[in-house]
Amino acid sequence: MKNKVGRKSLLVDDPSIQDRICKAVAQGATYKGAAAFGGIHVGTVLHWMSLGREESMADPAGEEKSHYRIFFDAVKKARSICMLRHLANIDRAAESGIWQA
């Protein structure tokens, strides 16, 4: 792989961006909303996800994870947390007899 010259990724410069994005996604925000909460453009989030997905497909075992792969995995986990939270809400509503979850 060719060495790239330029500034470091914001993922490296400011790790709190990943935390804010994952927090927003875990609460159910869209990528656009999560990006705004993280202080970056949604295109950047999608680009980082694409790079992480490519790495995930090339190295499923994740022997050496780049910051993009770590970001991709963290966002996937946040999406799972969100999904499980919503399913739990539906289960609670169904148990109480309120079907309009």
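Tutor: Axes are lines fitted to C-alpha atoms, for helices over the stretch in contact, and angles run from 0 to 180 degrees between N-to-C directions. Helices are DSSP runs (H or I, at least four residues), numbered from the N terminus. This is a predicted model, in which local features need pLDDT of at least 70, side-chain atom pairs count only at pLDDT 80 or more, and totals for chains, interfaces and linings use all residues. Residues are numbered from 1 along each chain as its sequence is written, and side-chain values use heavy atoms, leaving out hydrogens and water.

Student: At what angle do the axes of H2 and helix H3 cross?

Tutor: Two packed helices are described by the angle between their axes and the distance between the axes. The axes of H2 and H3 (residues 31-38) cross at roughly 140 degrees and come within 8 Å.

Student: Which residues of H3 make the contact?

Tutor: Contact means heavy atoms within 4.5 Å. Tyr31, Ala34, Phe37 and Gly38 of H3 meet residues of H2 including Ile17 and Arg20.

Student: How close do the axes of H2 and H5 come?

Tutor: The axes of H2 (residues 16-26) and H5 (residues 67-95) come within 7 Å, crossing at roughly 25 degrees. H2 is therefore roughly parallel to H5, a term for angles under 35 degrees. Gln18 of H2 is among the residues making this contact.

Student: Is glutamine 18 buried or exposed?

Tutor: Glutamine 18 counts as buried because its relative accessibility is 16%; buried means under 20% relative accessible area, with a 1.4 Å probe and protein chains only. Beyond its neighbours within four places in sequence, glutamine 18 is in contact with Leu11, Ile70, Phe71 and Ala74.

Conventions
Helix = DSSP H or I, 4+ residues; strand = E, 2+ residues; numbered from the N terminus. Parallel < 35°, antiparallel > 145°, perpendicular 65-115°, else oblique. Buried < 20%, exposed > 50% of the residue type's maximum accessible area, 1.4 Å probe, protein only.
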